[in-house]
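Here's a quick briefing for anyone meeting this structure for the first time. Have a look at the model, then read on.

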Amino acid sequence: MPEQQQHPHDTAEEAWDAEDLPGAHVHAGAHTGGFAQTPSQTVGPFFGFALPYAGGPDVRAPWHPDAIRLHGVVYDGAGDAIPDAFVEIWGADATGAASAQRGSRARDSHGFTGFGRAAVDGDGHYAFTTIKPGAMREGSAPYLLVTLFARGVLHHLFTRAYFGDETEANAGDPLLGRIDEARRGTLIAEPDGPGSYRFDIRLQGEGETVFLDYGQEG
């Protein structure tokens with residue numbers, strides 16, 4: 001019986017060596033040391049399961065008389081529409097009370113959970129149907145919380161959509177009052193039809209949307 005030839009790497013002491021990989025000579029000496037956690041990556045490409053889902057944008061069924069439409073386009077820093085972003089909203093009901101109903105994924109067309117998720121289309125446009133919220137506390141204006149996931153965004157972004165036809169309430173809102181007047185309009189959803197509001201989101205550049213930091217200080 002012929003003697004079996006041992007492969008040069010078939011030894012008990014052999015460990016994985018990055019220099020064995022094809023093309024490793026280009027980065028000779030760069031693959032030394034132990035393994036470490038990989039750094040944060042940009043959001044996407046998305047694994048689609050359970051991200052967009054049936055009824056996700058319909059926070060309130062469109063046939064309800066109190067339903068409103070919130071829609072807009074997500075733009076990048078160059079002013080181009082982003083075709084692969086996700087937008088989430090959350091809002092109180094018409095009295096300013098937070099919903100305790102379950103069913104954000106399995107929609108009940110007669111209910112209202114306050115939460116919705118929409119994927120933009122190829123032109124960067126998103127749209128929700130929801131309820132125009134009431135003010136959640138005295139002295140504040142009504143608004144929707146908005147969360148954005150998009151290409152090149154390491155961590156999702158937060159902002160608010162106030163309503164352009166709530167002029168008096170907006171003038172006294174504590175958060176809007178802290179924002180430079182020149183940028184305050186980036187948080188305003190402007191009426192563009194009966195029961196319809198437009199809220200464009202700009203990640204950078206001219207007209208950049210004001211984003212909020214909910215981190216805790218020191």
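Two rings of Phe, Tyr or Trp (its six-membered ring) make an aromatic pair if their centres lie within 6.5 Å; planes under 30 degrees apart count as stacked, over 60 as edge-to-face and the rest as tilted. By that rule, the whole structure holds 3 aromatic pairs. One of them is F163 with Y197, an edge-to-face pair at 5.0 Å centre to centre and 80° between the planes. This pair ties together distant parts of the chain, since F163 belongs to strand β6 (residues 157-163) and Y197 to strand β8 (residues 196-198), 34 residues apart.

This is a predicted model: local features need pLDDT of at least 70, side-chain atom pairs count only at pLDDT 80 or more, and totals for chains, interfaces and linings use all residues. Residues are numbered from 1 along each chain as its sequence is written, and side-chain values use heavy atoms, leaving out hydrogens and water.

**Burial**
- F163 counts as buried because its relative accessibility is 0% (buried means under 20% relative accessible area, exposed over 50%, partly exposed in between, with a 1.4 Å probe and protein chains only).
- Y197 is buried too, at 7% relative accessibility.
- Across the protein chain's 218 residues, 34% count as buried.

**Charges over rings**
- R160 has its charged end over the ring of Y143, 4.0 Å from the centre (the cut-offs: NZ of Lys or CZ of Arg within 6 Å of the ring centre and within 35 degrees of the ring normal).
- R202 lies over the face of Y75, 4.4 Å from the ring centre.

Key
Helices (H or I, at least four residues) and strands (E, at least two) are DSSP runs, numbered from the N terminus.
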